[in-house]
Amino acid sequence: MTLWIIARVTFREAARRKILWTALLAAAAFLFLFATGMHYQVRDAHFTRVPPVLRYQILSSILQIGFYAVDLLAVLMAVLTSVDTISGEIASCTIHAIATKPVHRSQLLLGKWLGFAAMIAVYVALVFGGVLAVGYFIGGVRVHGALQGASLVYLECLVVLTATFLFGTWFSTLTNGVVVLGMHGLAFIGGWLEQIGTVTQSDRLVTLGILSSIVMPSESVWRRASYVMQSSTARALDFSPFATRSAPSGVMMVYAVLYLLVALFAALYHFRNRDL
Amino acid sequence: MLLGLVKPSSGHARILDQPFSSVEVRRKIGFLPEDFRFYDWLTAYELLALHGRLCGLTPAQLRDRVPAFLDLVGLTAHRDRRLRGFSKGMLQRVGLAQALIHEPDLIFLDEPTSGLDPMGRRLVRDIIRDQRKRGATVFLNSHLLSEVEITCDTVVFIKQGEVIGSRDLRSSPDGEIHVHIRANNLRQEILSALAQWTTSAHLAGESLTVSTRSMDTLPEILRFLVSSGIDVFEFTPQRLSLEESFLKIMGSEDQGL
C-alpha cells in the first residue's frame with residue numbers, strides 16, 4: 001500500500017511539475033519533424049524511381065534513425081527526470097517529513113522507482129508508437145519485432161534509471177548526473193568500438209566494447225533492440241549506419257537484467273543504511 | 001536518531017516501549033522538522049492527505065481530519081493553493097498540521113515558531129496545550145526560551161549532544177531565589193544579619209537584592225526586616241528566568257556557536 005502511495009505521488013510529481021508534459025512536447029516536436037521528413041522522402045521525385053525493394057530498405061533505415069532518436073530521448077528523460085529524486089530531497093531535507101512517517105526506506109526508494117518506471121513506460125509507448133505509426137502510415141513500412149524492440153528500449157531506460165537511483169544514494173544531484181551520463185557515454189563509445197572492431201576484425205576493439213558493456217550495459221541493450229527491429233535484408237547488407245553489425249547476445253541481455261537488479265538492491269541497501 | 005533519520009553508531013534505545021528502529025512505532029509519533037520542506041507542487045489539502053495516508057488513516061478519516069486540521073492551523077482559505085506560493089509561516093502551519101493529523105502520542109516539534117508572527121506563536125502554544133490535554137507528550141526543541149518558559153513543564157539543556165541540566169518549570173525551583181527589596185533605613189549591620197538566610201546581598205541606595213536557597217526563608221527575612229525597624233515598601237521574590245538558568249548552566253564561555 002505504502003509503495004503505491006509513494007509511486008503514485010512520484011508519478012503525479014512528474015505530471016504536476018510539467019516534467020512529463022515538457023518531455024512529451026519535445027517528443028511531439030521530434031515526431032513532427034520525423035513525419036515531415038518521411039513524408040517528403042516518400043514523395044521525392046527521384047526516390048519514386050528507385051526500385052521498390054531498395055526503396056523499402058531506405059525507408060526502413062530512416063525508421064531505424066527514428067528509433068535511435070527515441071532511444072536517446074528516452075534515456076535522457078530517464079536520467080534527467082530522476083536525477084534529483086533521492087539526492088535532491090536529501091539535500092533540501094524534503095525527505096525528513098516523509099522518512100519519519102511509518103514508511104520503510106525500501107518502500108520509499110522502490111515507490112519512487114516504480115513511479116519513474118511507470119512514467120518512462122508511458123513515454124516510451126507514446127513516442128515509440130509514434131515512430132511506428134509514422135513508418136506505417138506515411139512510409140508504408142512495417143517493423144518486425146517492434147514489441148520486442150520497444151521492450152528492450154524500455155529495459156535500457158530502466159537500467160539507466162536504476163543506475164541514477166544507485167548513484168543518487170551516494171552523490172549530489174550534479175555528480176550523479178555527470179556519473180550516469182558519463183557511464184552511458186562510455187557505453188556508447190564502447191558500442192561503436194565493438195562495431196568497428198567487428199568490421200575491421202580487431203579483437204582488441206571488440207574486447208574494449210564488451211568491457212564497456214559490462215561497466216554499463218545500456219548501449220548494448222539498444223544495439224540488441226536495433227538488431228531485432230532490422231529487416232533481414234538490411235542485416236544482410238549492413239545497410240544503415242545506425243544498423244547493428246555485431247548484435248549483443250542473449251546472455252548480454254540477461255546480464256543487463258541482473259545488472260539492473262543488483263544496482264537496485266545496492267541502492268536499497270545503501271539508502272537504508274545512510275543518514276538522511 | 002529516534003525518528004530513524006540518523007543511524008546510531010552503537011547502543012540501543014526504546015521509544016513508546018518499542019525499539020526505536022521500529023517503523024510501526026512511527027504511527028504514534030508526529031514530527032515537524034526544523035528545516036521544513038515539503039513537496040511544493042502539492043496543495044495544502046493534498047499534502048495533509050498524503051501524510052495522513054502514509055500514517056495509515058482511512059479515506060473516511062482523511063475526509064474528516066484534513067479539513068479539521070487545515071482549520072486548526074488557519075489554512076482553510078488556502079486549502080487548494082500549492083505550497084510553492086506559501087510564506088514561511090504558512091509552511092510552518094501546514095507542517096504542524098501534518099505532524100498532528102494522525103493524532104500521535106508523541107510529538108517532536110523542532111523550532112515550531114521560528115517563522116511565525118506573534119499570532120502564529122500563540123496559535124502554536126494553544127495547539128501544544130490542546131495536544132497535552134489530549135494526552136500526548138510534546139517535545140519542543142527551541143532556542144526561543146520565552147516560548148519554552150510559557151509552554152513547557154520541564155526543560156532540559158543540551159550542550160554538544162549531552163544533557164547538562166534540567167529544570168521543572170511547574171514547581172518552584174530548588175535553586176536560588178532572588179528577592180528584590182525596596183526599603184528605608186537599610187544599614188550594613190542589617191545585611192550582615194541577613195547572611196544567616198541569604199547567600200548574597202547587594203545594596204544600592206534604597207534597593208536591596210538578596211539571594212536565598214529556599215522559599216521558606218522569605219517570611220523570616222521579611223519578619224526580621226520589619227522587626228528591625230525597616231520600612232519595607234516592596235518585597236518581590238524573582239524566580240530565576242529560564243534565560244538566566246540557560247546562561248548559568250551553559251557557562252559564560254559558551255558563545256552559542
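Reader: Which residue in S5(B) stands opposite B:Leu106?
Author: B:Leu106 stands opposite B:Thr137 in S5(B), in a predicted model where local features need pLDDT of at least 70, side-chain atom pairs count only at pLDDT 80 or more, and totals for chains, interfaces and linings use all residues. Residues are numbered from 1 along each chain as its sequence is written, with chains lettered from A and ligands numbered from 1 in the order in which they are written.

Reader: And over how many bridges do S4 of chain B and S5(B) pair?
Author: Strand S4 (residues 106-110) of chain B pairs with S5(B) over 5 bridges, in the parallel sense; strands count as paired if DSSP finds at least two bridges between them, a strand being a DSSP run of E with at least two residues and a helix a run of H or I with at least four, numbered from the N terminus.

Reader: What packs on the sheet there?
Author: Helix H3 (residues 88-100) of chain B does, touching S3 and S4 of chain B, where contact has C-beta atoms, placed from the backbone, within 7 Å.

Reader: Switching to chain A, how do H8(A) and H13(A) cross?
Author: The axes of H8 (residues 146-168) and H13 (residues 250-273) of chain A come within 9 Å and cross at roughly 25°, with axes fitted to C-alpha atoms, for helices over the stretch in contact, and angles running from 0 to 180 degrees between N-to-C directions. H8(A) and H13(A) are therefore roughly parallel, a label for angles under 35 degrees.

Reader: Which residues of H8(A) meet H13(A)?
Author: Among them are A:Leu155, A:Val159 and A:Phe165.

Technical notes: Angles under 35 degrees count as roughly parallel, over 145 as roughly antiparallel, 65 to 115 as roughly perpendicular and the rest as oblique. Two residues are in contact if their C-beta atoms, placed from the backbone, lie within 7 Å.
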